[in-house]
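Here are some exercises to work through with the model open in your viewer. Try each task before you read its solution.

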Protein chains: 2
Amino acid sequence: MRTRPLKVALLGCGVVGSEVARIMTTHADDLTARIGAPVELAGVAVRRPDRVREGIAPELITTDATALVKRGDIDVVVEVIGGIEPARTLITTAFEYGASVVSANKALLAQDGAALHAAAEEHDEDLYYEAAVAGAIPLIRPLRESLAGDKINRVMGIVNGTTNFILDKMDSTGAGYQEALDEATALGYAEADPTADVEGFDAAAKAAILAGIAFHTRVRLDDVYREGMTEVTAADFASAKEMGCTIKLLAICERAADGGSVTARVHPAMIPLSHPLASVRGAYNAVFVESDAAGQLMFYGPGAGGSPTASAVLGDLVAVCRNRLSGSTGPGESAYAALPVSPMGDVVTRYHISLDVADKPGVLAQVATVFAEHGVSIDTVRQQGKDGEASLVVVTHRASDAALTGTVEALRKLDTVRGVASIMRVEGE
Amino acid sequence: MRTRPLKVALLGCGVVGSEVARIMTTHADDLTARIGAPVELAGVAVRRPDRVREGIAPELITTDATALVKRGDIDVVVEVIGGIEPARTLITTAFEYGASVVSANKALLAQDGAALHAAAEEHDEDLYYEAAVAGAIPLIRPLRESLAGDKINRVMGIVNGTTNFILDKMDSTGAGYQEALDEATALGYAEADPTADVEGFDAAAKAAILAGIAFHTRVRLDDVYREGMTEVTAADFASAKEMGCTIKLLAICERAADGGSVTARVHPAMIPLSHPLASVRGAYNAVFVESDAAGQLMFYGPGAGGSPTASAVLGDLVAVCRNRLSGSTGPGESAYAALPVSPMGDVVTRYHISLDVADKPGVLAQVATVFAEHGVSIDTVRQQGKDGEASLVVVTHRASDAALTGTVEALRKLDTVRGVASIMRVEGE
């Protein structure tokens, strides 16, 4: 066994970074055995150097992340700062100075993954980022490596713990969105500004990364259709229950039936209670993968938090250190399939539509005609009348999003349709 | 990209082997892109050469597996024969002749894993075997690699599809064991001789492999406590339901609370319906992993079948080929922790015990005294009387298996205890 240690530069020492440093210290012997050489924390770049950082020697602390990365003796840079800059420049600098990189930065990977992979490849360095999607759940490695001999057709997952906590709370208690969000905030599951979570930005970044890996195709953040979950109501949950469903915010990456294109999207959807994703509770994440040969797989675990994310970072660190010792690199970006990414209008799925209509004869016939004219086939209709008003719940067969959008626009123009109360996709059947 | 193909020798061409050959042919371009070089099927060793094998050139077929392995130009040997011999000799011969090995052979790995790993290491070759445990579910790689920076404390899984199908059927229909087994046999889920599955031998082999990887310790098949599920009754399921539980055949590998030893066991157990493993239906497998940093993870998917197993084999094949091209090998056996494996008597868990007792005053006091004398603390007791006979259902707090065994022996000696109807462990709480 080699005795000269591998040197690690840690960029960021917040919830995740401090846990990475802690495990590197407390599990040092273990890591040495697994890697085949000792690893040493060579420096920790922080913004606030005055803060007490238990277990980290004060002389390792620096505010100059760039100088740390440029030292020239660093083997692996662990980037847990988050955000686009300075993380992006620090990572490319790391490659230039001969270091591999482990990152937990989903926003950066989703936005600039292709450029970062290219930089890693140019300098023959590794770029690993298991922690960027679904926290501790080993997901990127299985997709990139275990299923490497298989053909993935769909990746459908709950990849945001905050919104799953809120939706689970609404489902189990009948609470409205705001009430459930308030509880999530009080318990620390939601940030003061929950926009990134509840509007689906966080999930969309993860969907872009997952789609890219699953389909060997570059999928940019802009390619991902995104709809948040702030308009999901207690009434929607009641409707879902009647259908034997619950509602989850899903990231769905699909290969088209003809195999020639892919789509990626994030939106709330009804899924049957019998689907394995339906029973994912609280802030847990889970990703359901369908492939030609392996069939249906699911990966489940905590999607966030300091320790789980640190576990994923450490797993990557071990792999990168092992690669380094053997003078090789792991699998880089794989975008050879280069499939076109289709717009949302091409997505085919089922829909659950609630309409407020006038309670008089002929309304159902009018509504049904609009669906038929747009080529959207109706599976079931349920009509409930009260005080001259009625509600009509339509569940469709599979139809394209474009056809459904056209249908809804036409429905809104009908005199007898007072309003479209909700439109929700139905997945996982 | 290198153009000289990597040569693969396929040993065995049954359900799994033929599917491996098929995917290698139909996904050739894909595999080339993922590996960085083409892979070529160089030979297929079979027992019955006369059988028609669609898609495999007849000149590749041979009955002389040894000669194929000894050709000297083989890069990777894929062993899907199963059983101990000739698989073991063929694998060690492959290493001697400069080939790496991908195997799906759980029985061989469980029995001779240490020797095979040593042979691989001696010749600087890879030995991969993702398909040996839980079919297509990426499990060995996440445990060996993704969680490499973490400390695993428990692995608890449903690793045999046949028995899960039977137990699920008993649970959902109220059928008895024999009736459910007959249906499993008729549907092809159980073999004509189901012993290896229903007596837990298959699950025990997988438990040995999983425990070894999870705890970096050699765990032999003999170290695994094994109890089949042939004595689980409809009455047991009724009792489980009353406790909000179901019954699964579980493989459980645990690190002792003090961290100084490990245990591995296979037996039926009650688990709460709220546990993620409780909702694993039909012939699916799932493995629940608890670690220090990552927390609770679950891996779910099909545990058997030609395509799923072939998917796992192909994933390994890609990894081994990539290693070969870069002149490196993946992580070998990791047994550095070398923890002692404790006997079943040391395992601590809860128990559900049904006793047939005389329906007269003082019986409960007598029974309770026996539990107390053996240091087993009672959580709940439920007594039901009918016609001079009564049944007593005792659920204990956590106690060692040795203490429980002593308790049961003493209970059997009581005049007032007519019989011990069932003893079942309660896990996952």
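**Exercise 1. Work out the handedness of the crossing of α2(A) and α12(A), then classify their packing by angle.**

Solution. Keep in mind that you're looking at a predicted model.

Step 1: get the geometry. The two helices, α2(A) and α12(A), pack at about 45°, and 9 Å separates their axes.

Step 2: classify. Roughly parallel needs an angle under 35 degrees and roughly perpendicular starts at 65, so α2(A) and α12(A) come out as oblique to each other.

Step 3: list who meets whom. On the α2(A) side you have Leu31(A), Arg34(A) and Ile35(A); facing them in α12(A) are Leu314(A), Val318(A), Cys321(A), Arg322(A) and Leu325(A).

**Exercise 2. Describe the surroundings of Arg322(B).**

Solution. Arg322(B) belongs to helix α12 (residues 306-325) of chain B.

Step 1: collect contacts, skipping neighbours within four places in sequence. Arg322(B) is in contact with Arg34(B) and Ile35(B), and also with Thr329(A), Gly330(A), Pro331(A) and Gly332(A).

Step 2: compare sequence and space. Gly36(B) is 286 residues from Arg322(B) in sequence, yet their C-alpha atoms are 7.3 Å apart.

**Exercise 3. Check the span of helix α1 in chain A and find what covers its buried residues.**

Solution. Step 1: α1(A) covers residues 15-26, which is 12 residues.

Step 1: at 1.5 Å a residue you'd expect 16 Å, and the distance from first to last C-alpha is 17 Å, close to that.

Step 2: pick out the buried positions. They are Val16(A), Gly17(A), Glu19(A), Val20(A), Ala21(A), Ile23(A) and Met24(A).

Step 3: see what sits over them. The cover includes the strands β1 (6-11) and β2 (39-45) plus the helices α2 (28-35) and α12 (306-325), in chain A.

**Exercise 4. In which order do the strands of the open sheet in chain A run, and how is β5(A) fitted into it?**

Solution. Step 1: trace the order. The sheet has 6 strands, β3-β2-β1-β4-β5-β6 (chain A), with parallel pairing.

Step 1: find the edges. β3 (61-62) and β6 (127-128) of chain A have a single partner strand each, so each has one side without a neighbour in the sheet.

Step 2: count bridges around β5(A). There are 4 to β4(A), in the parallel sense, and 2 to β6(A), also parallel.

Step 3: name partners. Ser103(A) in β5(A) stands opposite Glu79(A), and Val102(A) has Tyr128(A) of β6(A) as its bridge partner.

Step 4: sort the side chains. In a regular strand they alternate between the two faces of the sheet. In β5(A), Ser100(A) and Val102(A) point one way, Val101(A) and Ser103(A) point the other way, and all are buried.

**Exercise 5. Find a cis peptide bond and a positive phi in the backbone of each chain.**

Solution. In chain A, Glu85(A) and Pro86(A) are joined by a cis peptide bond with omega about 5°; in chain B, a cis bond with omega about 5° joins Glu85(B) and Pro86(B).

Step 1: locate the prolines. Pro86(A) is in the loop between β4 and α4 of chain A, and Pro86(B) is in the loop between β4 (76-79) and α4 (87-96) of chain B.

Step 2: Asp124(A) isn't a glycine, but its phi is positive, about 60°. Asp124(B) has a positive phi near 60°.

Step 3: look at the setting. Asp124(A) lies in the loop between α5 (106-122) and β6 of chain A and is exposed at 55% relative accessibility. Asp124(B) sits in the loop between α5 (106-122) and β6 (127-128) of chain B, and its relative accessible area of 57% makes it exposed.

Key:
Residues are numbered from 1 along each chain as its sequence is written. Chains are lettered from A and ligands numbered from 1 in the order in which they are written. This is a predicted model: local features need pLDDT of at least 70, side-chain atom pairs count only at pLDDT 80 or more; totals for chains, interfaces and linings use all residues. Side-chain values use heavy atoms; hydrogens and water are left out. The expected span of a helix is 1.5 Å times one less than its number of residues. Buried means under 20% relative accessible area, exposed over 50%, partly exposed in between (1.4 Å probe, protein chains only). Contact means heavy atoms within 4.5 Å. Two strands pair if DSSP finds at least two bridges between them. Axes are lines fitted to C-alpha atoms, for helices over the stretch in contact, and angles run from 0 to 180 degrees between N-to-C directions. Angles under 35 degrees count as roughly parallel, over 145 as roughly antiparallel, 65 to 115 as roughly perpendicular and the rest as oblique. A crossing is left-handed if the near helix is turned anticlockwise from the far one by less than a right angle, and right-handed if clockwise.
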